[in-house]
Amino acid sequence: MIYFDRVAKRYANGREALSAVSLRITPGEMVFLTGRSGAGKSTVLKLIALLERPTRGQVIVNGENTGKLPNRKIPAFRRRIGVVFQDHRLLMDRPVFDNVALPLLVADASLREVGKRVRAALDQVGLLGKEQLRPSELSVGEQQRVGIARAIVSRPPLLIADEPTGNLDPVLAGEVMNLFRRLNEVGVTILVATHDVHFVRESGLREIVLEGGVVAGSEESLPLPPLQAHR
Amino acid sequence: MIGALGRWLGRHAHAAVSSAGRLARQPFGTILSVLVMGLTMALPLGLNLLVQNLRSATGNFSGAIGISVYLHQDVTDDKAEQLAANARARSGVARVQLISATAALEQFRKESGFGAALEALGSNPLPSVLNITPTADGAAPAAVEGLRRYLAAWPEVESVQLDGEWVARFSAILEVLRRVLLLAAALFGAGVVAVVGNTIRLEILNRRPEIEVTKLVGGSNALVRRPFLYTGALYGLISALTAWLVIAIALQLLQLPVAQLAQAYGSHFRLAGPSLREVGIVLGAGTFLGWLGAWLVASYHLAGIEPGAS
């Protein structure tokens with residue numbers, strides 16, 4: 001599902017965020033990405049969602065080599081990935097319904113389908129009935145869950161989350177993590193970047209630790225998964 | 001197939017309606033922009049009407065253009081009749097009045113009081129004259145000149161004289177005005193593109209977070225651009241309507257004084273407003289210019305807005 005082979009990322013300002021990251025996440029897995037601030041967690045997620053392209057090495061997501069994907073195919077590529085941000089990036093001047101519906105609207109779903117799926121997604125995060133409220137009328141935890149509903153509304157096979165519990169108290173954080181586990185149980189592959197080490201250890205799920213731009217405790221190159229052909 | 005078309009239409013209808021809603025929610029800014037563009041469009045539109053009205057006013061003067069054809073003195077009255085018939089058959093000729101040498105002499109004798117002196121001359125000193133009035137089409141400077149040459153080439157013709165040459169000069173001035181009008185329309189059109197472009201640019205900057213999130217969840221450039229194109233086209237359309245309104249009001253205000261002026265000259269001339277076809281052209285051109293301005297700016301700016309940048 002996600003495959004990194006000796007990936008390096010150097011930003012335009014010269015900072016090298018990743019130097020040689022190799023990792024592999026198989027379909028149906030739920031994995032935590034941990035490490036101190038600045039270890040490169042956000043960069044890994046940005047490379048997966050194709051918000052950035054690798055400077056060196058290969059990033060393969062959903063069978064696509066992101067370094068070589070033509071620009072015109074980026075929108076379709078992104079539609080197959082749900083992204084949750086720490087700052088949730090909701091549109092504060094739009095009702096909850098519009099925010100959650102956005103991925104469906106850009107994918108050209110019919111209006112009936114949109115209504116049905118948005119309510120289903122809000123139901124999953126426990127916010128059914130708040131469609132017409134604006135994000136500013138919700139609590140921080142509820143806003144974060146709206147962000148998650150938006151990420152899962154189009155039922156992408158892959159969900160990535162950057163510090164989804166960073167602004168939440170332990171109870172709310174636990175609820176969000178449980179929500180991810182339930183999604184994982186129905187087959188969604190999930191990668192969560194977090195420093196909530198407590199929950200990671202308790203969950204017993206795989207943990208990938210980033211340290212100084214590489215994956216701690218593993219340097220080996222991994223076998224290449226099958227790729228989609230591009231003209 | 002029907003479903004895909006329906007969804008395509010739905011998408012565009014949604015973009016159009018939400019763009020209209022956005023304009024309605026910022027009435028002050030919208031009105032200011034629309035006023036700037038509407039007045040800009042009203043100027044060439046008004047100039048066009050001015051030229052057209054002057055032209056139709058001078059069209060009424062086409063009766064003032066006449067050609068007097070003096071025949072050689074030895075041309076007989078019968079021959080003169082025949083030449084008059086030939087001239088009538090020519091296109092662009094509305095009326096030919098023959099004043100035969102005999103008739104001219106008779107008239108002169110009666111009106112001048114020199115009857116006795118004429119008797120003394122023995123022969124008739126006056127030539128036959130054809131007074132030719134061109135049709136409205138035939139009164140254009142080039143047509144009149146063509147007719148003049150045609151007549152001058154007849155062997156029986158002594159000389160040809162044009163009356164009302166000032167009308168031809170006035171037509172030439174109108175032609176210059178028409179060129180000025182085209183130039184003005186081009187310049188003001190470019191102005192409309194620039195104003196819409198700048199308005200859309202501000203709108204894009206205001207909606208940057210929305211654009212980023214839309215791209216993040218897989219919105220294509222075309223999808224992100226669409227509402228801005230509709231906004232631009234709507235600006236253009238509303239501005240063109242405003243321009244039309246401004247012109248209609250100006251016409252109302254001028255109608256009475258112009259009618260009074262025309263009456264003072266014994267004319268029934270009335271100011272003409274834009275035709276339905278012209279209104280259609282202005283609305284279409286306004287919409288297109290708005291769309292163009294939005295397209296230029298949106299294509300340039302949207303490519304640079306990527307969600308990863310922040």
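Two strands pair if DSSP finds at least two bridges between them. Helices (H or I, at least four residues) and strands (E, at least two) are DSSP runs, numbered from the N terminus. With these terms, A:Val31 stands opposite A:Arg206 in β9(A). The model is predicted: local features need pLDDT of at least 70, side-chain atom pairs count only at pLDDT 80 or more, and totals for chains, interfaces and linings use all residues. Residues are numbered from 1 along each chain as its sequence is written, while chains are lettered from A and ligands numbered from 1 in the order in which they are written.

**Chain A: strand β3 and its partners**

- Strand β3 of chain A covers residues 30–34. Four of its five residues are buried (20 or more other C-beta atoms within 10 Å of the residue's own, with C-beta atoms placed from the backbone; 12 or fewer is exposed, and in between is partly exposed).
- β3(A) runs parallel to strand β8 (residues 189–193) of chain A, and four bridges join them. Here A:Phe32 stands opposite A:Val192.
- Strand β9 (residues 206–211) of chain A also runs parallel to β3(A), again with four bridges.

**Chain A: the antiparallel sheet**

- Four strands of chain A form an open sheet in the order β2-β1-β4-β5, with antiparallel pairing. Its edge strands are β2 (16–25) and β5 (64–65), each of which pairs on one side only.
- Two bridges join β4 (residues 56–61) to β5(A). A:Val61 has A:Glu64 as its bridge partner in β5(A).
- Helix α1 (residues 41–48) of chain A lies across β1 (2–10), β2 and β4.

- A:Asn62 lies in the loop between β4 and β5 of chain A. Its phi is positive, about 50 degrees, although A:Asn62 is not a glycine.
- A:Asn62 is partly exposed, because 17 other C-beta atoms lie within 10 Å.
- A:Arg89 sits in the loop between β6 (81–84) and α3 (96–106) of chain A. This residue also is not a glycine, yet has a positive phi of about 45 degrees.
- A:Arg89 has 19 other C-beta atoms within 10 Å, so it is partly exposed.

**Chain B: overall build**

- Chain B has ten helices and four strands. From the N terminus on, they run α-α-β-α-β-α-α-β-α-β-α-α-α-α.
- The radius of gyration of chain B is 32 Å, whereas a compact globule of 310 residues would have one near 19 Å. The value is taken over C-alpha atoms, and the globule rule is 2.2 Å times the number of residues to the power 0.38.
- The C-alpha trace of chain B spans about 110 × 45 × 35 Å along its principal axes.
- Buried residues account for 28% of the 310 residues in chain B.
- Of the contacts in chain B between residues at least 6 apart in sequence, 86% join residues at least 24 apart. Two residues are in contact if their C-beta atoms, placed from the backbone, lie within 7 Å.
- The domain assignment gives domain 1 (14–59 + 169–309) and domain 2 (66–163) of chain B. Such bounds come from an automatic or database domain assignment. The C-alpha centres of the two domains lie 54 Å apart.

- An open sheet of four strands in chain B has the order β2-β3-β1-β4, with antiparallel pairing. β2 (93–99) and β4 (157–163) stand at the edges with a single partner strand each, so one side of each has no neighbour in the sheet.
- On average, neighbouring strands of this sheet are turned by 20 degrees against each other, direction ignored.
- Six bridges join β2(B) to the antiparallel strand β3 (residues 129–134) of chain B. B:Gln97 stands opposite B:Asn131 in β3(B).
- B:Gly280 is found in helix α10 (residues 276–302) of chain B. B:Gly280 is exposed, because 11 other C-beta atoms lie within 10 Å.
- B:Gly280 and B:Ala240 are 9.8 Å apart, C-alpha to C-alpha, and 40 residues apart in sequence.

**Where the chains touch**

- The contact takes 14 residues from chain B and 16 residues from chain A. On the chain B side, α1 (2–25) and α8 (208–216) each supply at least two residues. α8(B) gives the most, with five residues.

Technical notes. Axes fitted to C-alpha atoms, helices over the stretch in contact; angles between N-to-C directions.
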